[in-house]
Amino acid sequence: MNGYRLGAIGIVITFFTIVTATVLLPMVLFNPKPSGHGNNYVVANIEVDPARGRRIYIREGCFYCHTQFTRPQDRGYGPLVKAGDYVFETPHQLGTARTAPDLTNEGGKYPSEWQKAHLVNPRAMKPGSIMPSFSFLSNRDMNDLVSYIQTLGNERPVQAYVQAPDEYKIALSMKTVDTNSDAAANAGRGIYTQNCSGCHGLQGTGNGPNSISIEKKPANFTRPFYKQYDDAFWFYRITEGVPGTRMPRWGDGGSLWDPRSGLLTHEQRWYLVAYLKTLQKDAEVTVNKLDQLDKVQQTKLPVLTRQRFEPATGGGD
Amino acid sequence: MLIDSILSDKEGSASRNFLVSALFWSVLGMGAGLGGALEFSIPDLVHNVPQLSMPHLRMFHVNAVTIGWLSMGYVGSMFYMVPALTKTKLWSERLGNLVMWAWNLVMVGAFCTLLNGNTEGREYAELGAVLDVMVMFALIAVSLNIYMTVVNRKVKKLYVSLWYFLGSLFWFPLVYIIGQRTFVQLPGLNDAIIGWFYGHNILGMWFTTIGVGMMYYLLPRLTNAPLYSHGLSMLGFWGIALFYAPTGTHHILQSPVPEWLKAIAVISSIFLLVPVLTVLTNFFMTMKGKWGMVVTDLPLRFAVTSSVFYLITCTQGPFQATRWINWYLHFTQWVVGHAHLALLGTFSFILSSAVYYGLPRLTGRQWYSQGLIRAHWWLKFLGFTLMMVSLTIAGLIQAAGWAFGIPVDQWGLQIRPYWALRSISGVMIVLGQLIFAYNAFKSLYVPAKVEVKAKPAEVKA
């Protein structure tokens, strides 16, 4: 390269400096230890092989639409991942585009039979899904793939549940209602009956008359799951509604700083919180036969669980 | 002699063969992309045929348009541009033709393996071990061929295109070797870091640098005007060489990889505005006073369209790479639109321009039909604009869906019209490419006939 020696040296030096900085250095400096929360693909079950399932996941190109890492801003996709979770994930399946749900913590979300049916005919299980059908997979492939899906995130225990945004902690400090008192719960019952029972049902079981026509079914407040909700989170859900569902924003038109604003005032919302906190049962109530099911609800007011004094009117069996 | 017909040493044959093969694979690759796009709209279009399921089509689509169409076209274009710039012959036409066959063999292998899902599972590095090694040797052979041509040059000074070509042919084989990770097993996140070093640099150190080099060659040739500034072009070259390579990690900004690596990636992504704007200033100033030529000069029209799309894609890029915009837009179809803006909007157009300019000069045959070239441009331009708009809107809807925590099956319904629009745009683009291939076939392989006026009766029939 007559006369261009300097240029050639420059290109070589530039390129190798960059490779050193961005390829070699991370390989040397970045060695996360296994966190114990990621998969290690040790086969525990001889019937199905999650490691082989992972190879089928790759073969069928699942990673073009499904990602496998939760970001700090993702809601409803489980615990955040850590660097040590990926030590045994080669080749990485982080993914690039989310045309489909994130699968980081998919394991255990649905029964295996559901997963298999969903692979064969996605639209039967999730109307409106655009996932291709994988009905061409052999039975063994299908079982291994499902076993792999069921291992995703299983080693990652839940440490913190979803929290209300910070401004609701301030709203909590402005609270004027004792949400643990029976009086407040009683006051909330009326508000609930007027505003919420249409969808959530009179007993909070999520089977009000409107629930028939709603695709995303209303919450069943008698589930023990709702025991984990704290006051701020209940208040947040009532105020802002639930994205992706028909749940309205009861704080609409108001602000967090003006207690008298919104469709329901702050006071009314706090009464509602007090009532909602009384609805949870220790276990789901199940029935064995269809005719034991409350198909049509009788118009009767629900029983308050922490009732000390029978109110003058309403309620009770 | 058989060897002469297979490994011809006729001047320009390697270049011509590369360009024709590139056209062939482009039709297959873009067709696979269209098939995938249709399956987004009609998910049950193909049932029980694993070879035609969306992910397999996508694997083949990506590899056929990058390794097949763009890379083969780039090599073909370099094989005629470098001898023209150095005023000498290609060092070895036989080696060039050998590489051409090997490269086609790789693509046949890719067709057979990827559609069956025999992949390494690494995005943009899907090809299996044997094919990887073949591509590597092919790249090294191309480098050798071009470097030896430049060594034998009759012109002392190296034009800026040659800087780009020589630089790319030095670093891209290395990027390819580093990026494939065929024979190494790295822990997950390290694998991802190298994966994105490769995934971004196949664009940054190969498609961009060769494409810009081609633009530097074509614009002055097509407009018969000197380049605006040689100094600016050097600034652009060194800017790209410095700032493009470390940007890969901006693809995994929210994953638990080291923060310092993310910082390097974001900062160098923003600095990329410098070379991009210098390069484009140079192009647009070269075009000064000649903009009217795009009406009649069709290869120039392709080149100018390409540089305008380059402006859009490279202003999007640095902003997308900043943390706060990435926070919102990552994982959405916006990014897919951005990728198509670079590879289809910018580099496919400049490659089309190079083919339209180069093939007549290589073969001595004029284009069969100017009208078909016009049709190709309009179908590609309108189709691509439609695709870009629909993917961008779909991406914004998706981004809002993720930001507000709305379940996938809810926003999934909202973007279905945009999947349909993208399928339509795909039909237009594939049709444009088919017209391109048909035009090339007619010009190269069908002997030009003496014009005979058809009788009215024959026209009616």
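What is the mean pLDDT of chain A, and what percentage of its residues reach 70 or more? The mean is 83, and 85% of the residues of chain A reach 70 or more, where pLDDT is the predictor's confidence in each residue, from 0 to 100. This is a predicted model, in which local features need pLDDT of at least 70 and side-chain atom pairs count only at pLDDT 80 or more, while totals for chains, interfaces and linings use all residues. Residues are numbered from 1 along each chain as its sequence is written, and chains are lettered from A and ligands numbered from 1 in the order in which they are written.

**View 1. Confidence along chain A.** Chain A has ten helices and zero strands; helices (H or I, at least four residues) and strands (E, at least two) are DSSP runs, numbered from the N terminus. Confidence in chain A is lowest in helix H6 (residues 166-173), at a mean of 84, and highest in helix H10 (residues 266-276), at 93. Over residues 310-317 of chain A the pLDDT is below 50, and this stretch has seven contacts in the model beyond near neighbours in sequence. Two residues are in contact if their C-beta atoms, placed from the backbone, lie within 7 Å. Where pLDDT is low, the predicted coordinates should not be read in detail.

**View 2. Helix H5 of chain A.** Helix H5 (residues 139-151) of chain A has 13 residues and reaches 19 Å from its first C-alpha to its last, close to the 18 Å expected; the expected span is 1.5 Å times one less than the number of residues. Among the buried residues of H5(A) are Met142(A), Leu145(A), Val146(A), Tyr148(A) and Ile149(A). A residue is buried if 20 or more other C-beta atoms lie within 10 Å of its own, exposed if 12 or fewer, and partly exposed in between, with C-beta atoms placed from the backbone. The buried residues of H5(A) pack against helix H2 (50-59) and helix H3 (112-120) of chain A. Just after H5(A), Gly153(A) takes a positive phi of about 75 degrees.

**View 3. A cis peptide bond in chain A.** The bond from Thr90(A) to Pro91(A) is cis, with omega near -10 degrees. Pro91(A) lies in the loop between H2 and H3 of chain A.

**View 4. The contact between chains A and B.** In this interface, 64 residues of chain B are in contact with 54 residues of chain A. Helix H7 (residues 188-223) of chain B gives the most to the side of chain B that touches chain A, with nine residues.

**View 5. The largest nonpolar core.** This core has 169 residues, and those with the most contacts inside it include Val82(B), Phe165(B) and Met215(B). A nonpolar core is a set of buried Ala, Val, Leu, Ile, Met, Phe, Trp, Tyr and Cys residues joined through C-beta atoms within 7 Å. H7(B) gives the most to this core, with 21 residues. Leaving aside neighbours within four places in sequence, Val82(B) is in contact with Ile146(B), Thr149(B), Val150(B), Leu162(B) and Phe165(B).

**View 6. Positive phi in two loops of chain B.** Lys87(B), which is not a glycine, has a positive phi near 55 degrees and is found in the loop between helix H3 (54-86) and helix H4 (93-114) of chain B. Lys87(B) is exposed, with 9 other C-beta atoms within 10 Å. Asn224(B) also has a positive phi, of about 55 degrees, and lies in the loop between H7 and helix H8 (230-243) of chain B. Asn224(B) counts as exposed because it has 8 C-beta neighbours inside 10 Å.
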